[in-house]
Amino acid sequence: QAAGIDVFGAIAHWTAETFNFEIENSSEENGNNQPPVAASANVDYPNLTDALLAYGIKGQVIPTWWPEEFELAELKVSSQKEITTIHSLYQNGTRSFAITIRLYASSESAAASTYEKDIKDVVQYEKGGITHYIMSNIDDTRVSWINNLLVCSIAGDITEQEAKEMIDSIYEG
């Protein structure tokens, strides 16, 4: 088991099979998010940036670069009482990856996030003052990080180098 690391009030730890974030409870509220839409609402957004802006999420959160052959195939937004999940799927033939942003209303509502991984080491990649955790699960690469009350991930059929380039693009410009 790896030692816990405190990132924005979150503890990251992992074993040979799982990786987790646990957000510590505090009275901090996410003042940037708008009230989530009703879970039954059917709201379409043309791209991930517009979906994030609809919830008041601005700044350095999502990649501006990914391998050029990938195109947006699906974008879903779902809301529950204390969490909004924005999930985008990008595809190129048989290859795909997803970007998922989970927005919590407060750290008290934030649940632990657990991801499956394989036995390979977790790579800690620092960019923009945030530690990004790169891991693998069989043939997929996953990147997970926390930015305030956003739990973010990129996962799919990308290489570790592509993952690092995607991370770098979040903080450029």
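This is a predicted model: local features need pLDDT of at least 70, side-chain atom pairs count only at pLDDT 80 or more; totals for chains, interfaces and linings use all residues.
The protein chain comprises 2 helices and 11 strands, and its elements, read from the N terminus, follow the order β-β-β-α-β-β-β-β-β-β-β-β-α. Of the 173 residues in the chain, 46% are buried.

In soluble globular proteins, nonpolar side chains tend to be buried together. In the present model, the largest nonpolar core contains 30 residues, and Ile86 and Ile101 are those with the most contacts inside it. At least two residues of this core come from each of helix H1 (48-54), strands E5 (83-92), E6 (95-104), E9 (130-137), E10 (140-147) and E11 (150-156), and helix H2 (160-170). When neighbours within four places in sequence are set aside, Ile101 is in contact with Leu52, Val61 and Ile62, with Thr84, Thr85 and Ile86, and with Leu150, Val151 and Cys152. Another core, of 6 residues, lies apart from the largest one and includes Phe19, Val122, Tyr133 and Met135.

Side chains of opposite charge can pair when their charged atoms come close. A search of the whole structure identifies 5 salt bridges. One of these joins the side chains of Glu69 and Arg95, with an N to O distance of 3.2 Å. Because Glu69 is located in the loop between H1 and strand E4 (71-79) whereas Arg95 belongs to strand E6, this pair ties together parts of the chain that are 26 residues apart in sequence. Glu69, at 34% relative accessibility, counts as partly exposed, and Arg95 likewise counts as partly exposed, at 22%. Arg95 also forms a salt bridge with Asp157, the closest N and O atoms being 3.6 Å apart. Here the linked parts are 62 residues apart, with Asp157 in the loop between E11 and H2 and Arg95 in strand E6. Asp157 is partly exposed, its relative accessible area being 30%.

A further salt bridge connects the side chains of Lys127 and Asp168 at 3.8 Å, N to O, and links strand E8 (residues 123-127), which holds Lys127, to helix H2, which holds Asp168, across 41 residues. The two partners fall into separate classes of accessibility, since Lys127 is partly exposed with a relative accessible area of 30%, while Asp168 is buried at 17%, a value under the 20% cut-off. Through salt bridges that share partners, Glu69, Arg95, Asp157 and Glu162 are joined into one network.

Methods. Residues are numbered from 1 along each chain as its sequence is written. Side-chain values use heavy atoms; hydrogens and water are left out. A nonpolar core is a set of buried Ala, Val, Leu, Ile, Met, Phe, Trp, Tyr and Cys residues joined through side-chain atoms within 4.5 Å. Buried means under 20% relative accessible area, exposed over 50%, partly exposed in between (1.4 Å probe, protein chains only). Helices (H or I, at least four residues) and strands (E, at least two) are DSSP runs, numbered from the N terminus. Contact means heavy atoms within 4.5 Å. A salt bridge is a side-chain nitrogen of Lys or Arg within 4 Å of a carboxyl oxygen of Asp or Glu.
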